[in-house]
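Subject: Structure handover

Hello,

Here is the structure I promised to pass on. Please open it first, then read my notes below with it on screen.

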Amino acid sequence: MRKDQIKKAGLKVTQPRMKILNLLENHADEHYSAEDVYRKLLDTGDDLGLATIYRVLTQFEEAGLVVRHHFEGQQSIFELNRGDHHDHILCIDCGQVEEFEDEVIERRQHDIAEGMGFGLKRHALTLYGHCQRKDCPNRPD
């Protein structure tokens, strides 16, 4: 992706854009809020302002480089747009987001839409639950 994708999206290649894009590419399976990106960059010694991060992420979203999700009860999170479709499951205690793909669920959604007279163009499925991880930081005792 790197510089070519930023240029192809009609954006100038700047240091803040490259730092944010590099972070997202190096953690392509992760979902980050703007604040998460800010903290991660601070941890690596990169001092970008939070307003700059919000602005760049919004530009990347408009250019199709990232996808923004508005999960219920959570702040917006971003993930690198890899061009594939997947769904999400979210722990309502700790906020952990996992991706999954299921052909049966996908086929059923298309069948339902078709049965109701719709040609399905896009959709988003998010499941909410309580993770069963023993190391969940918000797990009730």
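**What I found**

Among contacts in the chain (heavy atoms within 4.5 Å) between residues at least 6 apart in sequence, 45% join residues at least 24 apart.

Some ground rules. This is a predicted model, in which local features need pLDDT of at least 70 and side-chain atom pairs count only at pLDDT 80 or more, while totals for chains, interfaces and linings use all residues. Residues are numbered from 1 along each chain as its sequence is written, and side-chain values use heavy atoms, with hydrogens and water left out.

**The whole chain**

The chain has five helices and five strands. Both are DSSP runs, numbered from the N terminus: helices are H or I with at least four residues, strands are E with at least two. Their order along the sequence is α-α-α-α-β-β-β-β-α-β. The C-alpha atoms fill a box of roughly 50 × 45 × 20 Å, taken along the principal axes.

How much of the chain is buried? Of its 141 residues, 30% count as buried. Buried means under 20% relative accessible area, exposed means over 50%, and partly exposed lies in between (1.4 Å probe, protein chains only).

The accessible surface of the chain comes to about 9200 Å². Carbon and sulfur atoms account for 47% of that surface. Areas come from the Shrake-Rupley method with a 1.4 Å probe; for residues, only the protein chains shown count as cover.

Now the charges. The chain has 19 positive and 26 negative charges, and their mean positions are 7 Å apart. Lys and Arg count as positive, Asp and Glu as negative; His and the chain ends are not counted. Each charge is placed at NZ of Lys, CZ of Arg, CG of Asp or CD of Glu.

**Salt bridges**

The structure holds nine salt bridges. A salt bridge is a side-chain nitrogen of Lys or Arg within 4 Å of a carboxyl oxygen of Asp or Glu. Here are some of them.

- Asp-36 pairs with Arg-39, with the closest N and O atoms 2.7 Å apart. The two residues are three apart in helix α3 (residues 34-43), so about one helical turn separates them. Asp-36 is partly exposed, because its relative accessible area is 23%. Arg-39 is also partly exposed, at 44%.
- Arg-133 pairs with Glu-98, and here the closest N and O atoms are 2.8 Å apart. This pair links distant parts of the chain: Arg-133 is in the segment after β5, Glu-98 is in strand β4 (residues 97-100), and they are 35 residues apart. Arg-133 is partly exposed at 33% relative accessibility. Glu-98 is partly exposed at 31%.
- Arg-107 pairs with Asp-111, with the closest N and O atoms 2.9 Å apart. They are four residues apart in helix α5, so about one helical turn lies between them. Arg-107 is partly exposed, with a relative accessible area of 45%. Asp-111 is partly exposed at 35%.

Salt bridges that share partners join Asp-29, Glu-79, Arg-82, Asp-84 and Glu-99 into one network.

**A nonpolar patch**

Which residues make the nonpolar surface patch of about 350 Å²? They are Ile-112, Met-116 and Phe-118. Patches are made of residues with over 30% relative accessible area and no salt bridge; like charges are joined within 9 Å, and nonpolar side chains (Val, Leu, Ile, Met, Phe, Trp, Tyr) within 5 Å.

Ile-112 lies in helix α5. Ile-112 is partly exposed, because its relative accessibility is 39%. Phe-118 sits in the loop between α5 (103-115) and β5. Phe-118 counts as exposed, because its relative accessibility is 58%.

**Two residues to look at**

Start with Leu-48. Leu-48 is in the loop between α3 and α4 (50-63). Is Leu-48 buried or exposed? Leu-48 is buried, because its relative accessible area is 11%. Leaving aside neighbours within four places in sequence, Leu-48 is in contact with Pro-16, Lys-19, Ile-20, Tyr-38, Leu-41 and Ile-53.

Then find Thr-126. Thr-126 is in strand β5 (residues 126-129). Thr-126 is partly exposed at 23% relative accessibility. Not counting residues up to four places away in sequence, Thr-126 touches Phe-71 and His-88. Thr-126 and Leu-90 are 36 residues apart in sequence, yet 7.2 Å apart in space, C-alpha to C-alpha.

Best wishes
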